Amino acid sequence: MKPYRILILVLAVALAASACVKLGGKPVDKRYYQLSPERTAAAATQPREETLKIRRLAVSDLYNARELVYRGPEGAIDSDFYNLLFVTPGNMLTTELRRWLTESGLFTHIVAPGSLVVPGLTLEGMVNALYGDYSGTAPAAVVEMQFFVVDESDAENAIVFAGSYKERVPLASADPQTLVQGMTQAVAHIFTNLENDLAVAPLEN
């Protein structure tokens, strides 16, 4: 047999063997999480007459992925291939915010974009940070959001409320499950503060 044919045969066997090893290996073990803050306070007894539309929350490009995000020393940033949110953070947090404000009883109705109901007010939001901070000796969950309420009855869509919120929750350990618990706690604090601010804001132009 000619030498080049022997070389081709050896390469083919090697490739076949590596494929068998890959196919027969243990599947990648991924874990999925949900950020589901629990609202425990009593609902408002006198809701506002306005209908509030809640748009989908925008998310900073740095954190707009299902993988958990970690920040380390010297500005290092990484994502976790094995530990993920079950759905994208924008969809998940928007769903939780609608549920939270519906349970608050602050408004007569809470609607989503696409509803045939014409709202009096629209709430828009941005998630500016959603990560685990491991840059120092004390790990923490960091969540930052900002919100605007727009008066839909005004021809210029005037902003009648604006608020920025930042929470940093210390973590007992650096594992992903503890981080998700910390981020959930941070989101609950932000939603609580937003609800309290909306309860006393005039929300009129």
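**Close-up views of a predicted model**

**View 1. The largest nonpolar core has 48 residues.** Those with the most contacts inside this core include L97, L123, M145 and F147. A nonpolar core is a set of buried Ala, Val, Leu, Ile, Met, Phe, Trp, Tyr and Cys residues joined through side-chain atoms within 4.5 Å. Among the elements that give two or more residues to the core are α2 (89-104), β7 (121-133) and α3 (176-200); α3 gives the most, with ten residues. Helices (H or I, at least four residues) and strands (E, at least two) are DSSP runs, numbered from the N terminus.

The model is predicted: local features need pLDDT of at least 70, side-chain atom pairs count only at pLDDT 80 or more, and totals for chains, interfaces and linings use all residues. Residues are numbered from 1 along each chain as its sequence is written, and side-chain values use heavy atoms, with hydrogens and water left out.

**View 2. R39 and E195 form a salt bridge (2.7 Å, N to O).** A salt bridge is a side-chain nitrogen of Lys or Arg within 4 Å of a carboxyl oxygen of Asp or Glu. R39 lies in the loop between β1 and β2, and E195 in helix α3, 156 residues apart. R39 counts as buried at 11% relative accessibility, and E195 is buried at 10% (buried: under 20% relative accessible area; exposed: over 50%; partly exposed: in between; 1.4 Å probe, protein chains only).

**View 3. D133 forms a salt bridge with R168.** Their closest N and O atoms are 2.9 Å apart. D133 is in strand β7 and R168 in strand β9. D133 is buried, at 9%, whereas R168 is partly exposed, at 47%.
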